[in-house]
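Please walk me through this structure, one piece at a time.

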Amino acid sequence: MRKTDLDLSKEQALTILQRMWVSRLTDDKMAKLVKQNKGGTFQLAGTGHELVGVVCAQSLIAGKDWSCPYYRDQAFVIGLGAELPELFGVFLGRATTHHSGGRMMPHHFSHKPLRILCQSSVVGSQFLHATGRAWGCNHSGKGEVVYVSAGEGATSQGDFHEALNFASLHHLPVIFVIQNNGWAISVPASEQTAGGSIVDVARGYAGLAVHDIDGTDVMAVHTAMQQAVERGRLSEGPSLIIAHVPRICAHSNSDNPQKYKTEQMEHCDHDKDPIARYEQWLLSMHLLSQEQINEVKEQARLDVEQAAQLAEQMPYPAQGSSRLHVFSPYEPPLHDMEFISDEKITLMDAVNHALVEEMEKDPYLVVFGQDVAHGKGGVFGVTRGLTERFGTQRCFNTPLAESTIIGIAIGMAMDGVYKPVAEIQFADYLWTGINQLFNEAASIHYRSNGQWEVPIVVRMPYGGYIQGGPYHSQSIEGFLAHCPGLKIVIPSHAADAKALLKTAIHDPNPVIFLEHKALYRQQKFVARAEPTAQVMIPFGQANILREGQDVTIVAYGMMAMMAFELAEKLAFEGMSVEVIDLRTIVPLDINTILESVKKTGKLLIAHEACLNCGFGAEIAARVAQEGFQYLDAPIQRLGAFESAVPYSKPLENEMLPQLADLEAAIRSLIRY
Ligand SMILES: Cc1ncc(C[n+]2csc(CCOP(=O)(O)OP(=O)(O)O)c2C)c(N)n1
Ligand SMILES: [Mg+2]
């Protein structure tokens, strides 16, 4: 077999051409289908980007290596072996097996057998998923690499820089390919990036190999990719390939480049057509004749036509199926509550012990976050001792970047083997990582039509009463509960904390575990006898802390403790208060609440978050709708005043609900 000076066989050279034409003609056909009103309404063509995508795919091993391809990287996906009829099916919103089965817009790829992770529309978040997956590859030692592509516009996102930093820091086998077409919709590179290119900035990341190449030149792409793959397989570190390509199409079918590109610019792009250029190269190398090239193109046309026809025959997603796959089903094994001894442990010890026991059992359970490792073991000391016991590979510090923490957790977990338990230092700082949680982790299972799971746990201290000021006191559960796809756990005492964290670790869905800072070391109510290693508490099962007849208080976290204390006190005055500790707010145990209200006829919901749109509003609405007939009084809510949490103690006391406020609310409701 004749080889080129590229070490590319004639067969490979032919395959590259075939796949480029399939991708190009797929673009053309999809554009027609939009005009014909056949079900597809949205198109992001990859015209001009074909060569870089196809050659990159050819450099990887499909089914072994992992990838996060950009929406414009259709040629890569075709090159890796994605079934063409399915790509058309997804374009027409049909019930395909891969690429989301009609849940995502077209060109948002996801294919589990090909190890294409589920892609979103958020440009840039995929960089961190790829990096997290590469962390897993590095540690499993199988020589797998991870490919991630994007446009130059996406390099303005913080996640790009966070990913380069983390990948360089840990020498990860990830290959970042930036298909630089000079435009992000209508914004030229000169308005996007200081100096017009990210190359010089990227060279500043120690340990990152940087290639700045012509993405229409097969030799350049093939060589850079070979080097990057080899470097990754040998665990030598990450590579960044900036490949310059033309965008010979509109950004999308609703965009008109004439509004921002001159005719001359468009001509220039056409002159750089990678297919024309590649055909010239094949002819000059005598690898193919013009006739053979024509045959390749004709065959591609037939394949594309056939794929489109097959797609038109595919069914639409079944009625009612839009409700499936918000969560992956899970029930923990049942085990009666048993205790190790009578000796009490604090809530922070309970969390630590749950982690130790689960890390002993599962070598793939990994703990990371800011300051969690070594002697410090977290700013509250919750993870103390884990690095010493399990090593720096199992409990490690991350850079000070919340998007990194959640983004790499997602990528790490997506092989279904690694179990990341990440810590956000304070819930108040989740916001710099919220895109990864809300737009990515929460919906990957749903968006991939149940194909991928994101079994991550994100632990975070939350709440006030410790003079933490506006940035160490927030109660954010209401925001989190509004996002479909997240489970939210809020233990109020040590025994629950241990058993609930174990359930969280085994749950295949993203679980947020909120630990109240002021309860970490509290002795009187919170410190409890320690459950044995097997005990797990199912989510969605509220705990009746104290039974009563006169009024129901629904609470969680700090307020559950306060309510319990008051119920005991008021009992001496003959008032009978039932206290329900929700334990998890998603899923919500509405039945226990309704049963209680049936008995007492009166409901008070107490939380320390602001009242407006707080989680209490949701409970009140549900009870009003489903239990109105049981109520003898209007539902009452107690929460914080509408402001940030102030630092000075008198101010904090005014803003956050106090024991006296709760007592007054209970007394008044009982009197009603
Ligand atoms: C975080 C985010 N902001 C805005 C958008 C809207 N948007 C979609 S594509 C795009 C331009 C991306 O440009 P580039 O990364 O250069 O890729 P290209 O389309 O040129 O291939 C924008 C602004 C988005 N999808 N995600
Ligand atoms: Mg671009």
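Start at H211, which stands opposite I241 in strand 7. Keep in mind that this is a predicted model. A second pair can be picked out too: the bridge partner of I213 is A243, again in strand 7. Now widen the view to the two strands. Strand 6 covers residues 209-214 and strand 7 covers residues 239-244. They run parallel, and six bridges join them.

How does the chain get from strand 6 to strand 7? It passes through helix 9, residues 218-233. This β-α-β crossover is right-handed.

Strands of a sheet pair through backbone hydrogen bonds, either parallel or antiparallel.

Now turn to the ligand. Ligand 1 has 15 residues around it. R72, G151, G153, A154 and A184 come nearest. Two elements give two or more residues to this shell: strand 2 (146-151) and strand 4 (183-184). What is the make-up of the shell by class? It has seven nonpolar, five polar and three charged residues.

Step back to the whole protein. The domain assignment gives three stretches: domain 1 (10-315), domain 2 (339-531) and domain 3 (543-671). Look at domain 2 and domain 3. Their centres, taken over C-alpha atoms, are 26 Å apart. The contact takes 26 residues from domain 2 and 27 residues from domain 3.

Which elements of domain 2 each supply at least two residues to the side that touches domain 3? They are helix 18 (477-481), strand 13 (487-489) and helix 19 (494-506). Sorted by class, the residues on this side of domain 2 are 13 nonpolar, 10 polar and three charged.

Terms used. Residues numbered from 1 in each chain as written. Chains lettered and ligands numbered in written order. Predicted model: local features only at pLDDT ≥ 70, side-chain atom pairs only at ≥ 80, totals over all residues. Domains from an automatic or database assignment. Contact = placed C-beta atoms within 7 Å. Helix = DSSP H or I, 4+ residues; strand = E, 2+ residues; numbered from the N terminus. Nonpolar A, V, L, I, M, F, W, Y, C, P; charged D, E, K, R; others polar. Near = placed C-beta within 6 Å. Pairing = 2+ DSSP bridges. Right-handed = clockwise from strand over helix to strand, strands pointing away.
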